[in-house]
Amino acid sequence: MSTPHSLPISAPYAHGANTVQKTMFTVLLALLPATAFNLYLFGWPAIFLFAVTIVACLAIEAGCLMLGGRRVKPVLADGSALLTGWLLAMTLPPWAPWWTGLLGAIFAIALAKHTFGGIGQNMFNPAMVARVALLVSFPVVMTAWVLPHPLLSNDAPGISQSVAITFGGKTPDSVSAASALGYVKTELSRGIPVSDSLKEFSRDSKMTHMPDMMDMAWGYKAGSLGETSAVLILLGGIFLMIRRVISWHIPVAVLGSLFAMGALFNAIDPARFAPGLFHVLSGASLLGAFFIATDYVTSPVSKKGQLIFGVGCGLLTWIIRNFAGYPEGMAFAVLLMNSLTPIIDQYTRPRAYGRTSKGQPLPLGRE
Amino acid sequence: MKLFPIRGGIHPEYRKELSSEKAIVALPMPAELFIPLQQHIGAPAEAMVREGDLVKKGQMIARSQGVVSAPQHAPTSGRVKAVAQIAAPHPSGLPQPTIIIEPDGKDEWGELPAPITDPFAASREEISERVALSGIVGMGGATFPSAVKLNLGIQHKLEILLINGAECEPYLTCDDRVMREYADEVVDGARIMAHALGAPKVVIGIEDNKPQAIAAMNKAAAAHANVEVAAVPVQYPMGAERQLAQAITGRETPVRKLTAEIGVVVHNAATARAVHHAVRFGRPLISRVVTVSGKAVREPKNIEAPIGAMVSDLIAFCGGLSTTPWRLVNGGPMMGAPLPSLETPVVKGTSGILALTVEETNDQPASPCIRCGACVTICPCGLVPVEMSAFIRKDHLDVAAKLGVQDCFSCGSCSWVCPSHIPLVQYFNYAKGMLSAQAREASKNERVKTLAEARNIRLEKAAEAKRAMLAAKKAQATSQSENKASA
């Protein structure tokens with residue numbers, strides 16, 4: 001190895017052990033339990049779709065890097081494309097056809113990431129851009145939820161049937177189900193109060209395909225891979241905080257504001273608005289709070305900015321869920337707040353040492 | 001003692017155990033000593049000796065020039081071999097005027113100024129003059145002439161003399177060893193300085209990863225009611241003077257002002273010991289304790305080395321290098337400077353010589369920023385390194401200046417923490433250099449403009465006067481001719 005000891009590069013000549021790669025793989029590790037459990041719940045079709053999405057993301061990342069004349073290997077190894085693919089796969093309906101994964105990968109990596117300049121340069125969260133683009137373009141496919149069919153269980157599709165589901169577009173109609181948020185929204189549009197439709201989410205309910213709150217928390221319900229297992233996603237999020245990959249600011253702000261809005265309006269009008277805990281446990285709330293909104297590139301850098309950003313995500317999610325056409329609003333909320341990140345950054349810079357918050361030197365004279 | 005929090009900071013691997021248990025040992029006198037005329041901030045000293053002159057230990061060989069300057073003294077007795085240009089311990093490796101002394105091996109003291117028998121009865125001037133005469137500069141690495149700082153008591157009402165024993169840089173243990181082995185000397189020097197400053201109280205700030213130094217200093221301070229030891233938390237850059245002053249007093253120094261504005265003057269522990277020697281014995285600053293460490297050094301040591309000893313002499317005394325170092329550093333790894341070669345001398349500001357392997361430096365090529373915000377969280381100055389570096393990359397130095405790049409003191413925390421290994425401090429040093437060059441250029445242009453305007457006004461006035469004179473002459477001539485005509 002050559003010696004650069006005479007190169008006049010400024011100190012420090014010591015460096016912390018953290019790298020981009022370590023950060024990305026820690027996030028993947030945090031996602032692993034929820035992912036594994038959900039792949040088990042939704043069986044082979046989910047596994048196929050998961051694999052297609054990730055492979056497509058890596059291939060498109062490599063292609064974009066080559067087109068841009070950049071080195072492929074070190075960038076692929078940083079794990080960012082893998083993470084994007086992983087997160088995208090977690091937001092798709094588990095039995096969606098293979099091309100949703102491929103198309104999503106093109107939206108995420110080529111459009112949302114590389115047209116902006118690659119890692120670190122994108123304005124919007126790539127996985128969320130892909131999810132929203134797919135949802136808007138293919139609303140039927142993207143809302144075709146199924147109930148869990150755990151691997152090795154009697155009603156789980158076999159390999160060949162699974163190949164037909166993922167690659168042949170042959171989803172059996174009989175297994176489709178509504179996600180909890182979707183169900184409540186549809187019922188409300190039919191004039192059934194939220195408080196009544198929520199009663200379906202209990203053990204005594206006659207509608208056996210609706211999960212109770214315990215099932216919802218563990219993930220035994222219809223939804224995307226990342227939406228279902230609240231407990232495992234929460235564990236992953238706590239792991240990330242312990243490893244200091246993320247701080248508490250964004251997740252607490254997102255979930256806190258979502259819960260507060262839910263609880264407040266539920267208290268005012270329970271027939272119209274679902275309670276706070278229902279909002280926190282359903283849909284992509286937890287995945288969004290811990291894994292999507294905390295994306296470094298597209299969220300503010302200061303803690304104060306992160307709190308504002310998180311509260312914005314929570315409020316917008318609640319507003320979209322209750323007043324917009326879509327039952328789930330996390331993806332839209334995050335993208336909207338992504339667009340505000342530069343301006344939040346600009347107004348939440350820390351106070352510099354020895355200066356007032358306006359940037360003037362501190363006045364002389366002691367307190 | 002109540003302590004106050006400081007903003008940000010990091011916890012690097014300290015690796016002080018490489019040398020912290022090694023007692024200070026004296027370097028055998030090298031065959032030649034190289035004493036640069038500039039070892040301090042300010043004007044270089046002026047040589048008072050010529051080739052062939054015989055010098056005694058402690059004899060002044062270069063006098064200070066101006067108020068902010070410091071003299072140099074012979075570290076041992078011997079003959080002046082030459083006054084020549086040799087490579088300075090500076091990243092540029094450029095030569096600078098240096099006095100080369102061949103020791104005679106007798107190590108004979110010359111005539112020294114008389115000890116100040118009761119420094120606490122002496123005037124501030126007497127002590128600061130002695131400190132100036134003894135060539136004492138800030139030994140933490142800043143090398144600002146200490147006597148100038150001792151005069152701060154004239155204009156400021158000081159409350160605390162803060163002795164900086166934090167030694168927050170990884171590897172360095174020289175101050176730790178000085179405080180353990182010469183605690184009484186440090187405390188005495190500190191008390192003398194506090195007397196000169198008119199500061200009623202001395203606080204010695206030591207990071208609490210140095211329990212033996214804290215114990216030793218506590219013991220030495222016990223006899224003096226106005227001397228207190230504060231164990232400050234281990235949090236790099238605790239040893240930066242504004243940060244340490246804030247940890248002790250809770251007060252923040254306004255930007256571009258001295259800590260004296262908040263009633264605190266900070267001196268390094270080794271500087272206090274040098275003051276003790278100068279005042280009590282008349283001995284000038286001719287040696288210092290240097291930590292030689294790093295995993296490329298066979299036997300790391302704390303060495304009391306004469307000023308002017310070659311780095312190669314110190315390395316050889318440590319058993320040499322075990323492998324080719326990836327980096328040679330003058331000072332600590334966080335804020336030190338790259339050492340251009342082993343053939344540069346130890347100077348008054350040399351706290352450490354580090355020979356680091358690549359495993360220790362963990363150098364890696366930089367990759368794009370992922371905006372993780374770690375640099376914003378840890379910046380002790382409350383700056384936004386992520387934004388500043390982005391603007392500097394695009395050469396928008398004016399925006400970087402607005403974001404406060406000139407408030408950065410290059411502590412290196414942001415570069416250390418960056419997962420993308422971006423050399424942020426390199427960007428900031430570049431920007432600071434360019435901005436100050438631009439400011440110099442602007443003030444030069446301003447001066448040229450003012451002078452040109454003044455000249456125009458002067459010329460205009462002269463022309464005016466000339467016109468007036470001509471007009472007057474003409475008028476006279478006309479009136480004369482009229483007179484003639486009328487005559």
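The legends below describe close-up views of a predicted two-chain model.

Residues are numbered from 1 along each chain as its sequence is written, and chains are lettered from A, with ligands numbered from 1, in the order in which they are written. Local features need pLDDT of at least 70 and side-chain atom pairs count only at pLDDT 80 or more, while totals for chains, interfaces and linings use all residues.

**View 1. Chain A and its make-up.** Chain A contains 16 helices and 2 strands. Helices (H or I, at least four residues) and strands (E, at least two) are DSSP runs, numbered from the N terminus. Of the 367 residues in chain A, 53% are buried. A residue is buried if 20 or more other C-beta atoms lie within 10 Å of its own, exposed if 12 or fewer, and partly exposed in between, with C-beta atoms placed from the backbone. Among contacts in chain A with a separation of 6 or more, 71% come from residues 24 or more positions apart. Two residues are in contact if their C-beta atoms, placed from the backbone, lie within 7 Å.

**View 2. Helices α15 and α16 of chain A.** Two packed helices are described by the angle between their axes and the distance between the axes. Here α15 (residues 303–323) and α16 (residues 330–347) of chain A have axes that come within 8 Å and cross at roughly 150°. The pair α15(A) and α16(A) is therefore roughly antiparallel. Angles under 35 degrees count as roughly parallel, over 145 as roughly antiparallel, 65 to 115 as roughly perpendicular and the rest as oblique. Axes are lines fitted to C-alpha atoms, for helices over the stretch in contact, and angles run from 0 to 180 degrees between N-to-C directions. The crossing of α15(A) and α16(A) is right-handed. A crossing is right-handed if the near helix is turned clockwise from the far one by less than a right angle, and left-handed if anticlockwise. On the α15(A) side, the contact residues include A:Gly305, A:Phe309 and A:Leu316. On the α16(A) side, they include A:Met330, A:Leu340 and A:Asp345. By class, the contact of α15(A) with α16(A) has 13 nonpolar, 4 polar and 1 charged. Ala, Val, Leu, Ile, Met, Phe, Trp, Tyr, Cys and Pro count as nonpolar, Asp, Glu, Lys and Arg as charged, and the others, Gly among them, as polar.

**View 3. Helices α1 and α6 of chain A.** The axes of α1 (residues 20–67) and α6 (residues 159–168) of chain A come within 9 Å and cross at roughly 50°. That angle makes α1(A) oblique to α6(A). Their crossing is right-handed. A:Gly43, A:Trp44, A:Pro45, A:Phe48 and A:Leu49 of α1(A) meet A:Ile159, A:Ser162, A:Ile165 and A:Thr166 of α6(A). The contact of α1(A) with α6(A) has 6 nonpolar residues, 3 polar and no charged.

**View 4. The side of chain B that touches chain A.** In this contact, 60 residues of chain B meet 37 residues of chain A. Elements of chain B that each supply at least two residues are β15 (327–330), β16 (337–338), α9 (358–361), α13 (413–417) and α14 (424–486). This side of chain B has 33 nonpolar, 17 polar and 10 charged residues.

**View 5. Two domains of chain B.** Domain 1 covers 16–27 + 124–288 of chain B, and domain 2 covers 369–487. Domain bounds come from an automatic or database domain assignment. The C-alpha centres of these domains of chain B are 38 Å apart. Contact involves 5 residues of domain 1 and 5 residues of domain 2. The domain 1 side has 4 nonpolar residues, 1 polar and no charged.

**View 6. B:Phe409 and its contacts.** B:Phe409 sits in the loop between α12 (397–402) and α13 of chain B. With 18 other C-beta atoms within 10 Å, B:Phe409 is partly exposed. Beyond neighbours within four places in sequence, B:Phe409 is in contact with B:Ala240 and B:Cys381. The C-alpha atoms of B:Phe409 and B:Cys381 are separated by 8.3 Å, and the two residues are 28 apart along the chain.

**View 7. Backbone details.** Most residues other than glycine have a negative phi, and most peptide bonds are trans. A cis peptide bond joins B:Tyr236 and B:Pro237, with omega near 0°. B:Pro237 is in the loop between β11 (227–232) and α6 (241–249) of chain B. B:His421 has a positive phi of about 55° and lies in the loop between α13 and α14 of chain B.
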